[in-house]
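The following report describes a single protein model for a reader who works with computed structures. Please consult the sequence and the coordinates alongside the text.

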Amino acid sequence: MSRLLEAHQIILKNCHEYAEKADESGDDGTNDLVVSNVLRTNELQVWFVSEHVVDTPLARS
């Protein structure tokens, strides 16, 4: 689960960079695509996955 969470966070980092570059170049279509389809979807997935990652062991000794 933690590896999946890390993968989504990497995607989010890249999406922020891509959206910023698209915005700076005036490419509103790409910016909208990245933000509305990729960024928001992965933000939701990060939230869902992070709710399942806990900092406790699975079994008690």
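## Contacts, exposure and pairings

Apart from neighbours within four places in sequence, Cys 15 is in contact with Val 34, Val 38 and Leu 39, where contact means heavy atoms within 4.5 Å. Cys 15 belongs to helix 1 and is buried, its relative accessible area being 5%. Buried denotes under 20% relative accessible area, exposed over 50%, and partly exposed in between (1.4 Å probe, protein chains only). Between the C-alpha atoms of Cys 15 and Arg 40 the distance is 9.8 Å, at a sequence separation of 25 residues.

The model is predicted: local features need pLDDT of at least 70 and side-chain atom pairs count only at pLDDT 80 or more, whereas totals for chains, interfaces and linings use all residues. Residues are numbered from 1 along each chain as its sequence is written, and side-chain values use heavy atoms, with hydrogens and water left out.

**Overall features.** The secondary structure consists of two helices and zero strands; helices (H or I, at least four residues) and strands (E, at least two) are DSSP runs, numbered from the N terminus. Of the 61 residues in the protein, 20% are buried. Among contacts between residues at least 6 apart in sequence, 68% link residues at least 24 apart. The protein exposes about 5000 Å², of which carbon and sulfur atoms supply 54%; accessible areas come from the Shrake-Rupley method with a 1.4 Å probe, and for residues only the protein chains shown count as cover.

**Helix 1.** Beyond its neighbours within four places in sequence, His 8 is in contact with Asn 42, Gln 45 and Val 46. After helix 1 comes Gly 26, with a positive phi near 80°.

**Side-chain pairs.** The structure holds one salt bridge, defined as a side-chain nitrogen of Lys or Arg within 4 Å of a carboxyl oxygen of Asp or Glu. The side chains of Lys 13 and Glu 17 form it, at 3.0 Å from N to O. Both residues, Lys 13 and Glu 17, lie in helix 1, four residues apart, which is about one turn of the helix.

Rings of Phe, Tyr and Trp (its six-membered ring) pair if their centres lie within 6.5 Å; planes under 30 degrees apart count as stacked, over 60 as edge-to-face and the rest as tilted. By this rule there is one aromatic pair. Trp 47 and Phe 48 form this tilted pair, with 5.1 Å centre to centre and 55° between the planes.

The table gives the accessibility of residues from these pairs and of Met 1, which is found in the segment before helix 1.

| Residue | Relative accessible area | Class |
|---|---|---|
| Lys 13 | 53% | exposed |
| Glu 17 | 34% | partly exposed |
| Trp 47 | 49% | partly exposed |
| Phe 48 | 36% | partly exposed |
| Met 1 | 52% | exposed |
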